[in-house]
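Me: Could you walk me through this one, with the cut-off behind each label? I'd like to see how the calls get made.

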Amino acid sequence: MDPTHPTPEPRWIIHLPTTLTRRVEATALRDSLGHVTDIDFGETTLSEEDRQFVRTRIWCDARLPGNARCPRPADHDGACGGELPQILAT
């Protein structure tokens with residue numbers, strides 16, 4: 001072990017099963033817990049209960065100016081950032 005480069009603390013992933021059935025519900029969860037800086041919502045994926053090995057990314061999460069992240073859907077059209085389409089904002 002090199003004393004000039006200490007081993008970093010391990011990072012842990014919490015798998016939090018939910019009963020969400022729509023992207024808008026996942027967005028509401030993200031928005032309500034957005035103040036918790038230790039949660040990386042950009043890496044959030046969805047999977048069917050019986051097919052958990054098939055995961056679908058929810059948000060684009062591209063880096064934006066000011067250390068922000070794109071909150072739009074992973075498959076969005078157009079430029080990152082800006083306002084969410086009304087169907088996703090509600």
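Predicted model: local features only at pLDDT ≥ 70, side-chain atom pairs only at ≥ 80, totals over all residues.

Me: What makes the residues lining the largest pocket divide into nonpolar, polar and charged?

Reply: It goes by residue type: Ala, Val, Leu, Ile, Met, Phe, Trp, Tyr, Cys and Pro count as nonpolar, Asp, Glu, Lys and Arg as charged, and the others, Gly among them, as polar. Sorted that way, the lining has 14 nonpolar, 9 polar and 11 charged residues. Numbering starts from 1 along each chain as its sequence is written, and side-chain values use heavy atoms, with hydrogens and water left out.

Me: What makes something a pocket here, and how much space lies in the largest pocket?

Reply: Picture a 1 Å grid over the protein atoms alone: a pocket is an open set of points where a 1.4 Å probe fits, with protein on both sides within 12 Å along at least five of seven lines, and lining residues have an atom within 4 Å of a point. Volume is the space filled by probe spheres set on the points, which are joined across faces, edges and corners. For the largest pocket that comes to about 1,400 Å³. Of its 34 lining residues, the closest to the centre are Ile14, His15, Leu16, Thr44 and Thr45. H1, strand S1 (45-48) and S2 each supply at least two residues of the lining.

Me: How do you know that the buried residues of H1 line one face of the helix?

Reply: Buried means under 20% relative accessible area (1.4 Å probe, protein chains only), exposed is over 50%, and partly exposed is in between. In H1 (residues 23-32), Ala26, Thr27 and Arg30 are buried. Looking down the axis of H1, they fall within an arc of 100 degrees, so they sit along one face; the arc is taken from the directions from the helix axis to the C-beta atoms. As background, an α-helix has 3.6 residues a turn, so residues three or four places apart point the same way. Over the whole chain of 90 residues, 17% count as buried.

Me: Why does Asp61 count as buried?

Reply: Asp61 has 9% relative accessibility, so it counts as buried. This residue is in the loop between strand S2 (51-57) and strand S3 (63-64), and has a positive phi of about 65 degrees although it isn't a glycine. Most residues other than glycine have a negative phi.

Me: What makes the link between Asp61 and Arg69 a polar contact?

Reply: The term covers a pair of N or O atoms within 3.5 Å; within protein, one must be able to donate a hydrogen and the other to accept it, and residues adjacent in sequence count only if both atoms are side-chain atoms. The side chains of Asp61 and Arg69 are joined at 2.9 Å, which puts them in. Arg69 is also one of the residues Asp61 touches (contact means heavy atoms within 4.5 Å), along with Asp40, Gly42, Glu43 and Cys70, leaving out residues up to four places away in sequence. Asp61 and Arg69 are both among the residues lining the second largest pocket, a space of about 170 Å³.

Me: Is His76 buried or exposed, and how do you know?

Reply: Its relative accessibility is 17%, so His76 counts as buried. A polar atom of its side chain lies 3.4 Å from the backbone oxygen of Gly78.

Me: And is Glu48 buried or exposed?

Reply: Glu48, in strand S1, has a relative accessible area of 52%, so the label is exposed.

Definitions and conventions:
Helix = DSSP H or I, 4+ residues; strand = E, 2+ residues; numbered from the N terminus.
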